[in-house]
Amino acid sequence: DDRFELFTALPDGSGSVRVSGQPVPGGGASGGFRWAPDASRLVYRADQLVDDQFELFVAAPDGGAVNAAISGPLTAGGDVFGFALQ
């Protein structure tokens, strides 16, 4: 219900796995994500720790590794929404 999450799946649509972390109430993945060149991990933008404070996270495509915030400390009211995931 109005919660955006990031999933991976096999090409045939099976094996769906949530890779974004458990968001705080009102939070979730923002829709911006990119694969690492070797497909070993994904980087995505989300407000999963603090509602409306967007940070960058890294996750394993199989959902097995712990999601980690990689954007570093943010200034009060700051976020990474202007960061282009290219």
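View 1. Strands here are DSSP runs of E with at least two residues, numbered from the N terminus. This is a predicted model, in which local features need pLDDT of at least 70 and side-chain atom pairs count only at pLDDT 80 or more, while totals for chains, interfaces and linings use all residues. Residues are numbered from 1 along each chain as its sequence is written, and side-chain values use heavy atoms, with hydrogens and water left out.

**View 2. Side-chain directions in β5.** E55, F57 and A59 point one way from the strand, and L56 and V58 point the other way. In a regular strand the side chains alternate between the two faces of the sheet.

**View 3. Strand partners of β5.** β4 and β5 pair (at least two DSSP bridges between two strands) in the antiparallel sense over five bridges. Within this pairing, V58 of β5 is the bridge partner of V43. β5 also pairs with β6 (residues 68-69), antiparallel and over two bridges. Here V58 stands opposite A68.

**View 4. L49 in the loop between β4 and β5.** L49 lies between β4 (42-46) and β5 (55-59). Contacts (heavy atoms within 4.5 Å) link L49 to V24, E55, F57 and A69, not counting residues up to four places away in sequence. P25 is 24 residues from L49 in sequence, and their C-alpha atoms are 9.3 Å apart.

Notes. Helices (H or I, at least four residues) and strands (E, at least two) are DSSP runs, numbered from the N terminus. Buried means under 20% relative accessible area, exposed over 50%, partly exposed in between (1.4 Å probe, protein chains only).
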